[in-house]
Every structure is written in C-alpha cells, then in structure tokens.
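Trainee: I would like to take a close look at a single part of this model, slowly and with its surroundings in view.

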Amino acid sequence: MIHFRRFVSQETLQFCKICIVGANGGVGRSLAQQLKQNNRFSEICLYDITCTKGLRADLSHINTLPEVTAYSGADSLVEALRCCDIMVLTGGQSHTKTITSREQMFEGNAKLMVNLIEACVKANNQQPHIHIVTNPVNSLVPLAAELLMKHGIYNEKRLSGCTKVDGMRAATFLAEHMGVDPRHVHVPVIGGHSEKSIVPLLSQSQPKFALDLDIQIKIAHRIIRGGEEVVLAKNHEGAAQLSMGYCVGQFCDSLVRSLQGDKNIRDVAFIPACVNELPYFACEIELDKEGVKRHPRLPPMLPFEIDLYNQAKEDIRQNIERAKQFLEKNKIK
C-alpha cells in the first residue's frame, strides 16, 4: 500500500475522496486520468487486485491538485474504501472472444459485488455514492441495492449505474448526421444499459432536427448497438474503454459538484426510480448534496420509441429477476 497525505483543495476548501475499484483496467485507467484533471477531488484512490503503484506514480506526475493513492490485493480493499465519498466500480469480467454477452459476465461480477459491499460495510463509512460501470449494469445495480439492504446501510439516493455513454453516443451520432457540433446536442436516452433496454429519444433532442422517421430509426439502432460497434472494431479483444472512462469522469464531476453544494446539477443514470412500475430505470436526474434529488417524468415518445420502451421494460424486469435469483441461489444473508 502507498498512502499520501490528503489535503484540502485550495479551490474548493472541501475534501472529496473517490475510489476507483478496478483501476488497472482499461476503463479504470481512462477514468483515473480524467479525474486527475479535476481539481475538485482531494484524493483519487486507485484499487485493483493487481499492483497499482505504477499507475499511481504515472498519474502523480501530472501537475494538478488531487493526490493519488494506491492499494492492491484482496486485503487492502477495506482500507482503500475508508473515508470514501464516491466509489466507482469499473473492474470485473468484461468482453472477450469467449465472453460476448452481459449475461455471461453476470456470475463472476455478481460475486465481485458481494465482496465489494462487504468491504464497504467493514470500512465503517456512511454509504459512499456507489456508481457501477461494470456490466451487466441492469442486474448489478439491483443486486447492490439488495446487498446494501441486507447490511442495513442502503441509501437509494447514493446508488447509480452508468448509462451516460449511451447519451454521449446519441449526441455524437446525431450531430455527425446533421453536420453540427456534438457538444451542443442533447438526446435523452432512457431504459437501461443493454442492447434490448437502451431507448434513444431522438424525437426529444435539443435542438430539434427535422428527420424522416426511417433516419431516426437508423440512428437509434446505431446508438443501441454502439457498444457492439466498438467490440467488433477491436475484433472482440476489448470493449469501449476510452469513451467509457470519459463519460464516467463527466458523471463523477456532476457528483462532486453536487456534493460540494452546486445547484441544478443534471445528469443521467440507471437508478432506483419511480418513473414507471419498475423499481430501477435509467432516466434523467437532478443531484444535490444527498445524491439523487429527483427524476422528472419520462418525456413524450413516438410510436417506434414506445415499442423500444416496452421492450426495455421487459428486459430490465428480467435483469432484476436475475439478481434476485443469484441471492436466493447463493443463500446470501
């Protein structure tokens, strides 16, 4: 373990420690570099089973305010999570040539989630905001909620799963088609984070564009298969890492700004929600010091978007059930 003195940012005069679990992975490394450029964080804690000293040394040479600390090995996870304000899970099983679906990833990553929540309990923290990037997000978020409930530390405002990448792809692909600056395009994407649950609402884009229905459907399907597009381009030897790290870094910036008192912070995530009959759903959210403050009603949809929405609800329902079956099968108390 390498540990350095934490300090208060001269810009924010507030502590905020963020821990990346799975820091040595492709997403973890990309995220760590994004966070090192964010002077609102006082400490970036790197954790992985494998040694993180080299990653810490590399990042620590960047002349920005956040301190970087490094932990590795199963016995160090509790210490890494101590006094943590935000915890981001990026590690676990990802796409390979033999493991190509989120369902195949679930068993191993579910066991990782059990160990992670137990470590959070042993760290004696007030529950940090837990942001889950590891797939399958649609099952791991409900699983984390159930585990936190069993340990008596569940706070629904401080649990989320990453879906921001789908909105980022939506803005990029729509802007590419229209020949405009993608930084000024916003497309709501609701549902979940799997091919059958991603629902891009191009009809509600800002600004609005006059698009034929067949063009909207074509762009929507590209957004839905955006993750697969990267996997295929990498010949099944990896998934989205740089783009994922970038968008998770943006979400963490929303979290830290809201924790430090900034107002009207809006983002998107897969959360414990009440926008429909499902207990979890990806929707646009507003954040405050306590976490997720509110989630507005779902926006209007075109008929083909409603079809995607109904498909998404069924897929998410099955994903939630998978998490419950894992708990029952493994008799986790």
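In which helix is the place of Asn138, and what does the side chain of Asn138 reach? I would also like to hear how helix 6 packs with helix 9 and with helix 7.

Mentor: Please keep in mind throughout that this is a predicted model. Asn138 lies in helix 5, which spans residues 137–151, and its relative accessibility is 1%, so Asn138 counts as buried. From that position the side chain of Asn138 reaches the backbone nitrogen of His193 at 2.8 Å, and the side chain of Asn138 also makes a polar contact, at 3.4 Å, with the side chain of Ser194. Leaving aside residues up to four places away in sequence, Asn138 touches Gly192, His193, Ser194 and Ser197, together with Phe270, Asp315, Ile316, Asn319 and Ile320.

Turning to the helix packing, two packed helices are in general described by the angle between their axes and the distance between the axes. Helix 6 (residues 164–178) packs against helix 9 (residues 242–259) at an angle of about 110°, and their axes are 9 Å apart. Because of that angle, helix 6 is roughly perpendicular to helix 9, and helix 6 passes helix 9 in a right-handed crossing. On the helix 6 side the residues that meet helix 9 are Lys164, Val165, Met168 and Arg169, while helix 9 brings Ser243, Met244, Tyr246, Cys247, Gln250 and Phe251. Sorted by class, the residues of this contact of helix 6 with helix 9 are six nonpolar, two polar and two charged.

The other partner to consider is helix 7, which covers residues 213–224; the axes of helix 6 and helix 7 come within 9 Å and cross at roughly 140°. Because of that angle, helix 6 is oblique to helix 7, and the crossing of helix 6 and helix 7 is right-handed. Helix 6 takes part in this contact through Asp166, Ala170, Phe173, Leu174, Glu176 and His177, and helix 7 through Ile215, Ile219, Arg222 and Ile223. The classes represented in the contact of helix 6 with helix 7 are six nonpolar, one polar and three charged residues.

Finally, Arg225 is placed in the loop between helix 7 and helix 8 (226–233), and since its relative accessibility is 38%, Arg225 counts as partly exposed. The C-alpha atom of Arg225 is separated by 9.0 Å from that of Ile198, although Arg225 and Ile198 are 27 residues apart along the chain.

How values were computed: Residues are numbered from 1 along each chain as its sequence is written. This is a predicted model: local features need pLDDT of at least 70, side-chain atom pairs count only at pLDDT 80 or more; totals for chains, interfaces and linings use all residues. Side-chain values use heavy atoms; hydrogens and water are left out. Axes are lines fitted to C-alpha atoms, for helices over the stretch in contact, and angles run from 0 to 180 degrees between N-to-C directions. Helices (H or I, at least four residues) and strands (E, at least two) are DSSP runs, numbered from the N terminus. Angles under 35 degrees count as roughly parallel, over 145 as roughly antiparallel, 65 to 115 as roughly perpendicular and the rest as oblique. A crossing is left-handed if the near helix is turned anticlockwise from the far one by less than a right angle, and right-handed if clockwise. Contact means heavy atoms within 4.5 Å. Ala, Val, Leu, Ile, Met, Phe, Trp, Tyr, Cys and Pro count as nonpolar, Asp, Glu, Lys and Arg as charged, and the others, Gly among them, as polar. Buried means under 20% relative accessible area, exposed over 50%, partly exposed in between (1.4 Å probe, protein chains only). A polar contact is a pair of N or O atoms within 3.5 Å; within protein, one must be able to donate a hydrogen and the other to accept it, and residues adjacent in sequence count only if both atoms are side-chain atoms.
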